[in-house]
Amino acid sequence: MRRKDSSILYFVQRIPADIRPKISGTKLSIPVGDKIVTRTVGASASVVKVSLGTRDPHEAKIRQAQIAAYLEGVWHSIRNGPEKLTMKQAVALAGEVYRAWVGALEDDPGSPSLWGRVKADDKAALRGEFGLAQLMIPSPSKARKSLEDRFGAFADVALSKRGLVVDDDSRAKLLEQVAVAMDLAAEKLQRHSFGDYTPDSYESRFPDWEDRKAPETKAAPQVTITQLLEGWWKEAGRDGGRSVSTYESYSKAVRYFIDYLGHDDATKVTPRDVVGYKDKRLSDVNPRTGKPISARTIKDSELAGLKSVFNWGVSQHLIADNPAKGVTVALPKVKRSRPKGFTEAEAVALLRHSLNYSRTQPNETQKLLNAKRWVPWVCAYTGARVGEIVQLRKSDLIDHGKHFAILITPDGTVTVKDSEYREVPLHPHLVETGFIEFVRSQDEGYLFLKPNAKGEIRGSWNSAKNRLREFARQVITDPNVKPNHGWRHRFVTMAREYGMSQELRRMITGHTGAGVDEREYGDPAGLYREICKIPHYQV
């Protein structure tokens with residue numbers, strides 16, 4: 001979440017109801033990136049809230065998972081009682097502090113006198129003479145307070161990395177061992193400050209950490225479905241060419257699925273869970289339209305998203321199997337009463353509506369006015385998707401001398417299907433109606449969208465598509481045809497009717513087909529000749 005006055009992301013998790021009566025006064029040492037943030041839980045606290053220290057949503061997801069895993073360990077310790085450390089475990093945790101401290105400073109340890117002062121403070125802490133412990137308090141409490149003041153933060157780091165909450169005797173044992181470890185670290189770093197880098201004779205005294213629980217009762221590390229989604233996107237979005245639209249679609253599917261399950265543990269998901277989710281979605285109603293969720297949406301969007309995310313988890317050996325594998329939806333056979341594309345009469349009516357349109361709402365921006373005027377015309381003569389045309393920039397117009405073209409490209413844009421750029425020649429009728437003059441008259445940048453204060457256009461892009469859909473519905477009233485996508489079907493029908501080359505038509509529309517075409521070998525040739533086969537609309 002974000003606060004209203006900040007762009008920094010925050011982590012907020014509700015404290016489980018059974019934990020609240022037991023957690024008051026507990027000191028949490030929360031790992032946030034490479035830092036430890038301490039929080040003491042108040043008597044009336046119902047949530048744990050901490051800044052994630054970043055605006056980057058991907059980094060925030062990683063830190064979110066890190067904190068959630070730590071808190072899960074804390075809840076477990078509180079439910080089952082504080083952990084009791086053996087001497088070996090206390091020394092092992094102290095060794096982790098030793099290695100981290102030495103590793104961070106050994107390359108450039110500073111002056112010998114600095115480490116002389118550090119060693120003096122360490123020894124004072126061991127004598128009970130450090131910090132507030134010098135006050136007149138009983139001797140045993142004085143010694144413990146002295147160790148806590150000097151080494152408590154280091155102990156918190158070691159415990160938080162293991163998600164441990166320990167009893168008082170174990171903490172005292174750990175503080176003593178951390179004190180020994182830090183004194184040895186100071187001695188080693190002082191030798192380094194004199195230029196002495198002989199092999200470390202101390203590190204071998206610290207054993208590796210061993211969980212004392214029996215193997216059969218040790219819980220496997222939790223892998224969340226959200227973690228799988230973000231891991232998939234980190235690879236697919238950066239190197240795999242998947243679009244932001246796909247990520248948003250998959251994110252929505254994951255969110256719905258987690259809500260259905262009531263948990264986010266990827267290791268607990270079964271094929272039966274996925275089938276149950278599918279059945280529930282088939283009975284759900286779209287709150288915006290009041291109609292049932294379409295079977296195709298569930299199959300091609302939601303189940304496809306879950307399959308991709310879980311497949312990624314299997315490929316990374318994070319989960320054993322893909323629980324969504326093989327789960328599908330039987331699509332009903334659609335009995336069509338008409339073609340998917342616009343009829344001649346509908347196409348002409350929409351183009352005429354666009355040509356004659358003038359501002360009807362006082363808050364309608366000039367960018368949106370331009371979109372209503374030109375986007376239907378460009379779609380009619382290119383077969384492009386509405387989303388591809390609304391994100392055109394002035395620089396995407398290409399002058400070839402004898403004809404013009406537009407460049408539809410994923411570079412710097414919101415989304416282009418399959419992330420493939422393509423050059424689309426402009427039909428002579430578009431030139432005759434003034435599209436070239438319109439583009440040249442505009443400022444640099446987007447023709448139909450206005451970026452927000454951060455330079456992002458996704459919100460404006462989605463809004464423009466929705467407004468254009470509403471605009472088309474003023475003319476195209478038949479619910480059996482999609483008001484934005486109807487142009488694409490219409491263009492393909494026209495291309496077939498007037499003998500356009502299938503391969504070149506696919507290059508114009510961005511459709512994929514079997515075989516190797518000119519997108520793989522050679523530059524596109526003859527596209528303008530083919531586009532000219534489409535006759536002028538008599539508007």
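Which helices are among what covers the buried residues of helix 10? The legends below start there. This is a predicted model, in which local features need pLDDT of at least 70 and side-chain atom pairs count only at pLDDT 80 or more, while totals for chains, interfaces and linings use all residues. Residues are numbered from 1 along each chain as its sequence is written, and side-chain values use heavy atoms, with hydrogens and water left out.

**View 1. Helix 10 and its cover.** What covers the buried residues of helix 10 includes helix 7 (225-236), helix 8 (244-261) and helix 9 (271-283). Helices here are DSSP runs (H or I, at least four residues), numbered from the N terminus. Contact means heavy atoms within 4.5 Å, and buried means under 20% relative accessible area, exposed over 50%, partly exposed in between (1.4 Å probe, protein chains only). Among the buried residues of helix 10 you will find I298, E302, L306, F310 and W312.

**View 2. The length and bend of helix 10.** Helix 10 takes in the 21 residues 295-315, and at 1.5 Å a residue it should span 30 Å; its end C-alpha atoms are 28 Å apart, which agrees. The expected span is 1.5 Å times one less than the number of residues. Look to A304 for a bend of about 30°, the bend being the angle between axes fitted to the seven residues ending there and the seven starting there. After helix 10 comes H317, with a positive phi near 60°.

View 3. A search of the whole structure finds 16 aromatic pairs. Rings of Phe, Tyr and Trp (its six-membered ring) pair if their centres lie within 6.5 Å; planes under 30 degrees apart count as stacked, over 60 as edge-to-face and the rest as tilted. F257 and Y277 make an edge-to-face pair, 5.2 Å centre to centre with 80° between the planes. F257 lies in helix 8 and Y277 in helix 9, so the pair ties together parts 20 residues apart in sequence. F257 is buried at 0% relative accessibility, and Y277 is buried at 1%.

View 4. Y381 is buried at a relative accessible area of 0%, and Y537 is buried at 4%.

**View 5. C379 and its surroundings.** C379 is found in helix 12 (residues 366-382) and is buried, with a relative accessible area of 0%. Leaving aside neighbours within four places in sequence, C379 is in contact with A384, R385, V386, I389 and W487. C379 and N484 are 105 residues apart in sequence, yet their C-alpha atoms are 9.0 Å apart in space.

View 6. R373 lies over the face of W377, 5.6 Å from the ring centre, and K465 lies over the face of W461 at 3.8 Å. A charge sits over a ring if NZ of Lys or CZ of Arg is within 6 Å of the ring centre and within 35 degrees of the ring normal. W232, W233, Y247 and Y250 form one aromatic cluster.

Conventions: Helix = DSSP H or I, 4+ residues; strand = E, 2+ residues; numbered from the N terminus.
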